[in-house]
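User: Could you walk me through how to read the overall features of a model such as this one, and then one of its sheets?

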Amino acid sequence: MGLKHFLTLICILNLHHLHTFADDSTNTSTIETYIIHVDGNLGLFDRFENLESWYTSFLPTSNSNGRGRIVYSYRKVFKGFAARLSADEVKAMENHPAFISARPERKLDKHTTHSPNFLGLNQNMGFWQGSNYGKGVIIGVLDTGVLPSHPSFSDEGMPPPPAKWKGKCEFNQTACNNKIIGARYFNSFDDSPSDDDGHGTHTASTAAGSFVEGANVFGNANGTAAGIAPMAHLAIYKVCSLFCSESDILAAMDTAIEDGVDILSLSLGGLSFSFYDDSIALGAFSAMENGILVSCSAGNDGPFNISLSNEAPWILTVGASTIDRKIRATTMLGNNETLDGESTFQPSDLPPTLMPLVYAGSLNTSDPNIQFCTPTSLNKTDLRGMVVVCEIGVVARVSKGIAVKNAGGSAMILVNPRIYANMTLAEAHVLPAAHVGYADGLKIKTYINSTTTPTATILFKGTIIGDDQAPVVAGFSSRGPNYVSPGILKPDILGPGVNILAAWPVSIENNTNTNSTFNIISGTSMSCPHLSGVAALLKSSHPSWSPAAIKSAIMTTADVDERYVPANIFATGSGHVNPSRANDPGLVYDIKPEDYIPYLCGLNYTNRQVGFILQRKVDCSVESKIPEAQLNYPSFAIRFGRSQPISQTYTRSVTNVGEPVSSYVVEIVPPPGIGVLVEPSSLDFTEANQTLKYQVTFTGPESTTNATVYIQGYLKWNSGKYSVRTPIAVTLR
């Protein structure tokens, strides 16, 4: 099975495009959009009237319409611009004394009713009420736009935007309101921030949608829909349409920083690159310097290791987990065995009588794709009256149902590959269907092979609340270790990302009588806005907290379920978010923007590369350098091998944001075979906002291993009221 094909079904769309501009004077087949970095520290732009004029001076003199070739001029994210150029023109640009680098832009990928309650957020009580539901906080969402007329974006009861807001509304004047306070678009193919895809409407309403009663899909998951921060304002930046281009994303981040957002939510990403060559990391660093927390999806390339996006330590990197709601569709086999699965589409007219059951892979053994129920494979296949078993992969799950239905099939059973285990998805299929896990899929195939007349039917049981094993890490959620910076544990946190109900711009039920339309989809694209909303609640409750302090509060208070075999730490990070506990964490690990300088120099980046990120000159020979694990991060990622010392000591600083006079005692659960010594073993605070330090010495095994082994543990600082947990990941080589 092709992994990429499966991943596109979860939520990521792999997209490609070609820009066209009327004023390109060079043959368009040789032109593409380049991201150009320039050196703003030389003072060369002083002779120009503005930044745009200086950027235009980099273009070849033969280009008579330089301004027309510049797509974006960046001000906040870094010094540089995006321009439509040929390779020859870029080569000529290298002669400019302030030129640093140029490369073609990359294309990045787009990577709810019950989930607030599952996170312990209940209307008119507790943390939700105490944080004013995120009132006064502005969440900037970079995505596919929004449908502003959806009731999730009603501004009933909303205050006007804060005075600091500088953004614009590029809808007509009536579309924006006190909920959607700004909306802009950044793609030449678009003429408005309107959402033609659905992804952006879904993520925006997940983060900060208003309360909407009676939200459901085909009558399932019925309840009152709300975003995690329902009183927060939304600023919409449309950067994805047919594709998500790097230049548009950078321009949107640049604009959002100037507009005055408090939180940036990006449910998109791409391959890992060094931070100085990673546009989201560059934009996020500037945002962090301006007090903006940046929340990003971890990616949908799990369950494989080293598959993360958005790995910078100044980004909150969010993986996906399940919630305790199922949209139950139960397969009943002819031997009376029942196997629970899921489907959103649950028709009432499917007869309860057993129907012939067939495994698609047995229909034509010479066709390797027929097991996946592809339209081509099932073309001219007679499946009238049958229940068809299809493997996940190659084509979208809903597309399999279309192919089965077109061949006359009455129902479909989707079965997982082994790597996705028992994770099931509730989706709007076109025929009666059930998605079952890998183990149940084996049982179905064993039954088919045990009889000459296998039969089955599907029993629909609607919405079931109370899966006592939730939350479980989603199989698709990308895993660490961190490829770019292995000494920083990623992902940071898990949030709900499986079967999330949220606003959708069209009715998937073809219901034209309402604009209260919703859809249930899955991906780290869904978990990211959950955490963006949590960050907004914390910002509203603690307006003086830095992005690092908010991030620390989220990470050190996360839930880790000890009842079951724990998932790998490179899947879970710190654990599953607990918003109420994050509001009162006791201690926080804070990081100031300048603290990243020795960390970046310690990555052995050149002075110029560190300067890309900081937007100023840096001399790493003068600055101190630290190993990655020395950054004051709320987790540890330690490596032992032939090139690392057997004993490693790192320092952490914690700031008291809890009870002014309090004492904490350390609790250590070391990774197996690793020595962990914490000094001092107790921390005694005498006032609020006091900062104390402690050291941790990790001692590795005497001998190394030929294979790479991952082990995990944690340390906690416990007081009478608080428990501040810091996970420890160890890689042995």
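**Reading the fold**

User: Where do the mean positions of the positive and negative charges lie relative to each other?

Analyst: Lys and Arg count as positive and Asp and Glu as negative, with His and the chain ends not counted, and each charge is placed at NZ of Lys, CZ of Arg, CG of Asp or CD of Glu. Here the mean positions of the 51 positive and 63 negative charges are 2 Å apart. This is a predicted model, in which local features need pLDDT of at least 70 and side-chain atom pairs count only at pLDDT 80 or more, whereas totals for chains, interfaces and linings use all residues. Residues are numbered from 1 along each chain as its sequence is written, and side-chain values use heavy atoms, with hydrogens and water left out.

User: Which strands form the open sheet of 3 strands, and in what order?

Analyst: Strands are DSSP runs of E of at least two residues, numbered from the N terminus, and two of them pair if DSSP finds at least two bridges between them. In this sheet the order is β11-β5-β13, with antiparallel pairing; β11 (244–245) and β13 (268–269) are the edge strands, each pairing on one side only. Strand β5 (residues 107–110) is joined to β11 by 2 bridges, and Leu108 stands opposite Cys244 in β11.

User: What does the C-alpha trace span along its principal axes?

Analyst: The trace spans about 80 × 70 × 60 Å.

Terms used. Helices (H or I, at least four residues) and strands (E, at least two) are DSSP runs, numbered from the N terminus.
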